[in-house]
Amino acid sequence: MEIDPEVACPIAPVVDIVFSRWTTPILWSLNEYGRQRFVELERRITKITPKVLTQRLRQLERDGLVIRTYHPEVPPRVEYEISELGRSLAPLFATLAD
């Protein structure tokens with residue numbers, strides 16, 4: 001009988017989210033520099049494409065790690081910031097960095 005790895009290891013989905021290629025640079029940038037607009041993130045994470053940055057931000061927002069704030073101005077303004085859940089990962093990243 002084969003066991004599904006995600007069932008056998010309940011943290012597998014979390015590891016997939018947190019350690020995907022672009023999640024850590026996005027969360028680090030938001031944690032380090034605070035609330036940012038899309039263009040600011042794009043400038044700081046130089047090798048990410050706009051399409052991938054959009055996809056990752058949407059997924060991080062869905063997963064509760066990033067908060068997206070829409071300001072109905074002319075022109076419209078959208079800002080991203082790390083959530084408390086995202087910030088709670090900081091000790092994990094610090095431990096791995098050490």
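**View 1. Tryptophan 28 is partly exposed, at 49% relative accessibility.** Partly exposed means between buried (under 20% relative accessible area) and exposed (over 50%), using a 1.4 Å probe and protein chains only. This is a predicted model: local features need pLDDT of at least 70, side-chain atom pairs count only at pLDDT 80 or more, and totals for chains, interfaces and linings use all residues. Residues are numbered from 1 along each chain as its sequence is written, and side-chain values use heavy atoms, without hydrogens or water.

**View 2. Tryptophan 28 and tyrosine 33 form an edge-to-face pair.** A search of the whole structure finds 1 aromatic pair. The two ring centres lie 5.8 Å apart, with planes at 85°. Rings of Phe, Tyr and Trp (its six-membered ring) pair if their centres lie within 6.5 Å; planes under 30 degrees apart are stacked, over 60 edge-to-face, and the rest tilted. Tyrosine 33 is partly exposed, at 43%.

**View 3. The charged end of arginine 44 sits over the ring of tyrosine 33.** The distance to the ring centre is 3.9 Å. To count, NZ of Lys or CZ of Arg must be within 6 Å of the ring centre and within 35 degrees of the ring normal.

**View 4. Serine 83 is buried, at 6% relative accessibility.** Serine 83 lies in the loop between β3 (77-82) and α6 (84-87). Helices (H or I, at least four residues) and strands (E, at least two) are DSSP runs, numbered from the N terminus. Not counting residues up to four places away in sequence, serine 83 touches Gly64, Leu65, Val66 and Ile67. Contact means heavy atoms within 4.5 Å.
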